[in-house]
Amino acid sequence: MENISAYLNNLNFFTYLIVFAAGVVTSFTPCVYPLLPIITGVIGSSKEISRLKSFFLSLSYVLGMSITFSILGVFAAIS
């Protein structure tokens, strides 16, 4: 526990990297797995959608999750 407190008190790049990695690991919870077929079906189901449009759909999904997790992280840090 002292190591974690020391990292958080220093607030260097390594600390941010550890916190980011922990957030990525927690996003792979079992609640996320049922959404994967739905997302794949929405993005890749139509033959009319080009690869570029599929890429931008995927990018918007990832950015939306990133922004949401960032906002939640800021509120958790403030509280």
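Helices (H or I, at least four residues) and strands (E, at least two) are taken here as DSSP runs, numbered from the N terminus. In these terms the protein chain holds 4 helices and 0 strands, and its pattern along the sequence reads α-α-α-α. The model is a predicted one, in which local features need pLDDT of at least 70 and side-chain atom pairs count only at pLDDT 80 or more, whereas totals for chains, interfaces and linings use all residues. Residues are numbered from 1 along each chain as its sequence is written, and side-chain values rest on heavy atoms, with hydrogens and water left out.

Of the 79 residues of the protein chain, 6% are buried, a class set at under 20% relative accessible area, with exposed over 50% and partly exposed in between (1.4 Å probe, protein chains only). The accessible surface of the protein chain amounts to about 6,900 Å², and 74% of this belongs to carbon and sulfur atoms, the areas being derived by the Shrake-Rupley method with a 1.4 Å probe.

A nonpolar surface patch of about 1,000 Å² is formed by Leu 52, Phe 55, Phe 56, Leu 59, Leu 63, Ile 67, Ile 71, Val 74, Phe 75 and Ile 78; patch residues have over 30% relative accessible area and no salt bridge, and nonpolar side chains (Val, Leu, Ile, Met, Phe, Trp, Tyr) are joined within 5 Å. A salt bridge is a side-chain nitrogen of Lys or Arg within 4 Å of a carboxyl oxygen of Asp or Glu. Ile 67 belongs to helix 4 (residues 51-78) and counts as exposed because its relative accessibility is 51%.

The largest pocket has a volume of about 1,000 Å³. Among the 30 residues lining the largest pocket, those closest to its centre are Phe 20, Gly 23, Val 24, Phe 69 and Ser 70. A pocket is an open set of points on a 1 Å grid where a 1.4 Å probe fits, with protein on both sides within 12 Å along at least five of seven lines, and lining residues have an atom within 4 Å of a point. Helix 4 gives the most to this lining, with 12 residues, and the lining divides into 22 nonpolar, 8 polar and no charged residues.

Two further residues of helix 4 are Met 65 and Ser 66. Met 65 is partly exposed because its relative accessible area is 33%, and Met 65 and Ser 27, 38 residues apart in sequence, are 9.7 Å apart in space, C-alpha to C-alpha. Ser 66 is likewise partly exposed, at 36% relative accessibility, and Ser 66 and Val 24 are 42 residues apart in sequence and 9.9 Å apart in space, C-alpha to C-alpha.

Note on methods. Patch = residues over 30% accessible without salt bridge, like charges linked within 9 Å, V, L, I, M, F, W, Y side chains within 5 Å. Points joined across faces, edges and corners; volume = space filled by probe spheres on them. Nonpolar A, V, L, I, M, F, W, Y, C, P; charged D, E, K, R; others polar.
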